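Hi,

Here is the structure I promised to pass on. Have a look at it first, and then read my notes below.

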Amino acid sequence: MQLTGTAFVVLVCLLAVAALAGTLWALPRITGRGLGAQAARGGLLVGCQLFITLALVTGMNAYFLFYNSWSDLLGRLDGPVAVHGAKAGQGAWSGGPLARTVSPLSVKQGLHDPERDGRLEQTTIRGARTGLQVQAFVYLPPQYFQPQFKDRRFPVALVLAGYPGDPRGIIERQAMVKLAAKDMRNGTIQPTVYVITRTMVAPPRDTECTDVPSGPQSLAFFAQDVPKALSATYRLASDEQGWGVMGQSTGGYCAVKLAMMHSDRFAAGASLGGYLHAIKDATTGELYGGSPKVRNDNDLLWRVRNLPSPPTSVLLASSKVEKGYRQAQQFIQAAKPPLRVDTLFPDDGGHNFGTFTRLTPEIMQWMNGRLKAG
């Protein structure tokens with residue numbers, strides 16, 4: 001039974017209702033003031049509250065897609081998303097095209113005819129340099145399949161979910177693929193390939209897209225392994241002018257970091273509800289090996305204040321009530337050419353899919369204006 005499936009959510013809710021009804025029925029029938037009676041009443045109340053809490057958590061998870069599968073919840077990302085044709089035990093990417101398949105979500109997103117709607121594929125990107133891997137969804141625009149564009153090399157936007165994050169939330173809750181397909185049919189944005197994935201490449205650890213000393217080289221994975229593997233598989237732009245990266249929350253921090261630290265690969269980076277220096281907690285562990293230099297290198301506020309500005313464009317987007325808004329103001333004040341910083345700061349909105357969905361069209365338009373095919 002799927003963790004986010006309707007059947008599981010309904011089952012948990014029914015159990016909660018049954019627990020509540022059973023508690024209300026049993027409590028008046030447990031009489032006496034002895035220790036046993038008190039323990040029985042206490043056990044009923046605690047059990048009832050646990051079932052109700054479980055129902056609420058399950059419903060919220062199904063809505064927001066924090067964890068999509070049991071494997072995801074337990075930190076073992078070996079769930080139902082798999083690359084057809086991949087061999088068990090396959091190691092790092094070997095240099096050829098990635099194994100890819102049409103995602104079941106393609107039809108659910110209304111992508112019935114590739115030449116009219118585009119197509120959503122899924123694959124697993126394995127890092128030849130870093131040994132890391134991540135599952136990704138790749139949206140190919142309709143022009144990708146049209147004969148007159150057979151020699152076209154398309155711009156690409158790498159889209160990063162937050163931590164723990166699931167790219168399905170961006171596809172299903174934020175409807176980014178549907179929006180991209182509609183805008184490309186209307187000619188509102190240029191034909192672009194969207195690669196939607198998560199930032200968690202060393203599960204269950206949150207590496208914050210950092211090259212951890214003696215640990216996962218997450219920054220190198222996204223800056224080097226991912227573009228190399230994708231370029232060997234799809235007709236993508238050959239230089240940094242055709243590559244951009246956007247993300248939300250942790251993915252937003254990663255997007256700005258990649259654009260600033262690897263402007264030779266990404267011409268633009270957009271942060272949606274992100275922050276500007278890594279958040280260290282129990283999920284990250286020690287990211288810098290105790291080195292102040294490594295810590296500073298990964299602090300985007302420190303970089304913009306103390307290092308030469310990279311030739312890239314950055315968009316900082318969040319509501320003015322978010323915690324990252326103050327950091328964004330400090331970043332803007334310190335930014336110098338050739339770094340260009342644009343902002344999108346509505347007055348209200350929380351750190352949630354509602355706000356992300358509201359701002360996503362503007363961010364896609366912004367990114368569209370900074371990428372070039374070829």
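**The sheet and its helices**

In this predicted model, nine strands make an open sheet with mixed pairing, in the order S1-S2-S3-S5-S4-S6-S7-S8-S9. At the edges are strand S1 (100-102) and strand S9 (340-344), each of which pairs on one side only. On average, neighbouring strands of this sheet are turned by 20 degrees against each other, ignoring direction. A quick word on terms: helices (H or I, at least four residues) and strands (E, at least two) are DSSP runs, numbered from the N terminus, and two strands pair if DSSP finds at least two bridges between them. Axes are lines fitted to C-alpha atoms, for helices over the stretch in contact, with angles from 0 to 180 degrees between N-to-C directions.

For the source notes, residues are numbered from 1 along each chain as its sequence is written. Local features need pLDDT of at least 70 and side-chain atom pairs count only at pLDDT 80 or more, while totals for chains, interfaces and linings use all residues; side-chain values use heavy atoms, leaving out hydrogens and water.

Leu158 is opposite Val195 in S5. Helix H8 (residues 218-231) packs on the sheet, and the strands it touches include S4 and S5; contact means heavy atoms within 4.5 Å. Helix H9 (residues 250-261) lies across S4, S6, S7 and S8, at about 155 degrees to S6.

**The aromatic rings**

How many aromatic pairs are there? The count is seven, where rings of Phe, Tyr and Trp (its six-membered ring) pair if their centres lie within 6.5 Å, with planes under 30 degrees apart stacked, over 60 edge-to-face and the rest tilted. One of them is Tyr144 with Tyr234, edge-to-face at 6.5 Å centre to centre and 65 degrees between the planes. Tyr144 is in the loop between S3 and S4 and Tyr234 in the loop between H8 and S6, so this pair ties together parts 90 residues apart in sequence. Tyr144 is buried at 9% relative accessibility, and Tyr234 is buried at 3% (buried is under 20% relative accessible area, exposed over 50%, partly exposed in between; 1.4 Å probe, protein chains only).

Tyr144, Phe145, Phe154 and Tyr234 form one aromatic cluster. The charged end of Arg235 sits over the ring of Tyr144, 4.2 Å from its centre, and that of Arg152 over Phe154, at 5.6 Å (NZ of Lys or CZ of Arg within 6 Å of the ring centre and within 35 degrees of the ring normal).

Cheers
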